[in-house]
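Here is a short report on one protein chain.

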Amino acid sequence: MASDLKFIVTGGAGFIGSTLVQTLLDRGRVAVIDNLLTGHEANLEEVRGQIEFHNVDIRDAAALEPVIRGADTVFHLAAIPSVPRSIDDPVPSHQVNIDGTFNVFRAAALGKVRRVVYAASSSAYGDTEVLPKTETMTPLPKSPYAVQKLLGEYYGSVFHSCFGLEAVSLRFFNVYGPRQDPASPYSGVLSLFMKHLIARTCPTIFGDGEQSRDFTFVEDVAELCWKASQASGVAGKMYNAGNGNQYTLNQIWKLLQQMEGVNLPANMAPPRAGDVRHSKADTSAAVRDLGHAPRVTIEQGLKRTLEWYRGA
Ligand code: UD2
């Protein structure tokens, strides 16, 4: 039975946020804050009658505060994502990801919210010499986006130590799955791969395609967000929210072609500025402290994602 607790999801009309909304629905009342810049109302179609929707920009502190006041947990996922977008157009991403994040923490502290779960990014690690990447490593951000997301973690920890807000940061590792929007050149690579696979066109791979990522299925991330909101002894801390796997882009594109029985060689283009070379999460701290238990293998995740894009 759902409780009377109120959960807020900023960025709840995005692909990760809308998946989290579904996870929260039978656990309490859910309100979404989203300005629909990169999110879409269609992502909330199935749950429309069951949630509150607030078309609010997190840069607008005055509009944010009354919505957040009195909530049990704020899941702060609203952001302008993408490493290259933060290089091409750094001002909006700075304003949303840093100023907007400050506004969310401040509204939560003023509004006596119990806990904020903050969507941080694996990009904070940059190019570490050692894999997998563990939470104790020194951050080496390589792009404005990576700096912005890292700063949000620091604010979370300081809002805990200075203002008593229970903030927990989760470093998301290349999340993919249904509803990820492939419409922009800044879209996540797997959404673009899906689009090309279905259209039977060749994708572009930046660099040699041997860069690797810890691709994490969206439902596993949503479930971890919930666990991070409930775990004890974790306030002020940061955890990897990855799957613990590592695949190169060449491997994934090959796998997808095999799944569809097609031959669509990728167009190779120069590497992107700010790109991290390899990424793989050490999930042991999240498993130990949060009960993280990612369930979806890459084969299952790609299959389910592909089915969704085919129907969309
Ligand atoms: C970063 C973070 C991720 C998340 C995300 C949000 C890392 C390791 N990961 O993802 O955790 O915060 O930002 O935006 O920093 N690529 C192509 N062809 C394309 C598009 C992309 O080859 O058409 C390449 C791209 O150069 C990169 C890889 O695919 O090497 C993944 O790119 P992405 O934009 O999907 O995500 P990434 O790794 O920047």
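R200 counts as partly exposed because its relative accessibility is 40%. This is a predicted model. R200 lies in the loop between α6 and β8 (204-206). Its phi is positive, about 60 degrees, although R200 is not a glycine.

N174 is another non-glycine residue with a positive phi, near 35 degrees. N174 sits in the loop between β6 and β7 (175-176). At 28% relative accessibility, N174 counts as partly exposed.

P132 belongs to the loop between β5 and α5.

## Two helix pairs

Two packed helices are described by the angle between their axes and the distance between the axes. The table sets out two such pairs.

| Pair | Residues | Angle | Axis distance |
|---|---|---|---|
| α4 and α5 | 90-110 and 144-163 | about 15 degrees | 10 Å |
| α6 and α8 | 189-199 and 249-260 | about 30 degrees | 11 Å |

How do α4 and α5 pack, by angle and axis distance? The angle is about 15 degrees and the axes are 10 Å apart. That angle makes α4 roughly parallel to α5, since angles under 35 degrees count as roughly parallel. The crossing of α4 past α5 is right-handed.

On the α4 side, the contact residues are P90, S93, H94, N97, I98, T101, F102, F105, R106 and A109. They meet Y145, Q148, L151, G152, Y155, G156, F159 and F163 of α5. By class, this contact has 10 nonpolar, 7 polar and 1 charged residues. An α-helix has 3.6 residues a turn, so residues three or four places apart point the same way.

The second pair is α6 and α8. Their angle is about 30 degrees and their axes lie 11 Å apart. α6 is therefore roughly parallel to α8. α6 passes α8 in a right-handed crossing. V189, L190, F193, M194, H196 and L197 of α6 make the contact with L249, I252, W253, L256, Q257 and E260 of α8. The residues of this contact divide into 9 nonpolar, 2 polar and 1 charged.

## Helix α5 and what covers it

α5 has 20 residues. From first C-alpha to last it reaches 27 Å, close to the 28 Å expected at 1.5 Å a residue.

Which residues of α5 are buried? They are Y145, A146, Q148, K149, L150, G152, E153, G156 and F159. Their cover includes α3 (83-88) and α4. It also includes the strands β5 (115-121), β6 (166-172) and β11 (238-241).

## Other buried sites

Helix α1 (residues 15-24) is mostly covered, with 9 of its 10 residues buried. The buried residues are F15, I16, G17, S18, T19, L20, V21, T23 and L24.

L64 is found in helix α2 (residues 61-68). Its relative accessible area is 0%, so L64 is buried. Beyond residues up to four places away in sequence, L64 touches I33, V56, I58, N103 and V104. The C-alpha atoms of L64 and R106 are separated by 9.8 Å, at 42 residues apart along the chain.

Leaving aside neighbours within four places in sequence, S279 is in contact with S122, L131, K133, F173, S212, R213, D214, N245 and Q246.

## A partly exposed helix residue

Q300 is placed in helix α10 (residues 298-311). At 42% relative accessibility, Q300 counts as partly exposed. Q300 and R115 are 185 residues apart in sequence. In space they are 32 Å apart, C-alpha to C-alpha.

Methods: Residues are numbered from 1 along each chain as its sequence is written. This is a predicted model: local features need pLDDT of at least 70, side-chain atom pairs count only at pLDDT 80 or more; totals for chains, interfaces and linings use all residues. Side-chain values use heavy atoms; hydrogens and water are left out. Axes are lines fitted to C-alpha atoms, for helices over the stretch in contact, and angles run from 0 to 180 degrees between N-to-C directions. Helices (H or I, at least four residues) and strands (E, at least two) are DSSP runs, numbered from the N terminus. Angles under 35 degrees count as roughly parallel, over 145 as roughly antiparallel, 65 to 115 as roughly perpendicular and the rest as oblique. A crossing is left-handed if the near helix is turned anticlockwise from the far one by less than a right angle, and right-handed if clockwise. Contact means heavy atoms within 4.5 Å. Ala, Val, Leu, Ile, Met, Phe, Trp, Tyr, Cys and Pro count as nonpolar, Asp, Glu, Lys and Arg as charged, and the others, Gly among them, as polar. The expected span of a helix is 1.5 Å times one less than its number of residues. Buried means under 20% relative accessible area, exposed over 50%, partly exposed in between (1.4 Å probe, protein chains only).
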